[in-house]
Amino acid sequence: FIPRGAMVSLPDRISDKDLHWRFAQTWNVSQNESLFSYGVGMMSWKSYSHPFHQPTYPDELNYTTRQHLLCGSDIFCLYDLYQTESEEFAVSTITIDQTTRLGTFVLNHNPPVIRGNASFMVTISQPSPY
């Protein structure tokens with residue numbers, strides 16, 4: 001990770017808090033730098049800019065035995081259970097994580113086979129016949 005404007009990267013081992021303040025926060029943009037535009041009456045850049053927000057850092061949390069019994073060592077489940085206190089939400093996190101890992105495994109071991117023309121000729125701003 002290289003902080004915005006820095007010439008050197010951060011150390012390989014860094015706490016979540018240090019990562020947040022020494023890396024992530026350096027990439028905050030000002031209202032003038034933002035590429036987003038907001039319509040009249042909509043939320044603005046200020047609606048999303050909270051430079052002094054203090055997040056909960058997962059590596060600073062002390063999980064209970066009950067949380068470990070439900071989540072095991074799944075850090076996403078533990079964090080969600082800690083934040084929401086909802087066992088249903090935490091279990092859904094495990095399910096989504098396992099489904100994603102399975103899908104990744106399947107795709108890595110069974111790449112798609114694409115059949116068709118070796119090349120296509122298209123013209124910019126014109127409908128494609130393909």
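Q: How many disulfides does a search of the whole structure find?
A: This is a predicted model, in which local features need pLDDT of at least 70 and side-chain atom pairs count only at pLDDT 80 or more, while totals for chains, interfaces and linings use all residues. Residues are numbered from 1 along each chain as its sequence is written, and side-chain values use heavy atoms, with hydrogens and water left out. Taking a disulfide as a pair of cysteine sulfur atoms within 2.5 Å, the search of the whole structure finds one.

Q: What is the angle about the S-S bond in the link of C71 and C77?
A: The disulfide joins C71 to C77 with an S to S distance of 2.0 Å. The link is left-handed, and the angle about its S-S bond is -60°.

Q: Is C77 buried or exposed?
A: Buried means under 20% relative accessible area, exposed over 50%, and partly exposed in between (1.4 Å probe, protein chains only). Its disulfide partner C71 has a relative accessible area of 7% and is buried. For C77 the relative accessible area is 0%, and the residue is therefore buried.

Q: Which helices are included in what covers the buried residues of α4?
A: Helices are DSSP runs (H or I, at least four residues), numbered from the N terminus, and α4 spans residues 75–84. Within α4, the buried residues are C77, L78, D80 and L81. With contact meaning heavy atoms within 4.5 Å, the cover of these residues includes α3 (65–71) and α5 (87–109).

How values were computed:
Helices (H or I, at least four residues) and strands (E, at least two) are DSSP runs, numbered from the N terminus.
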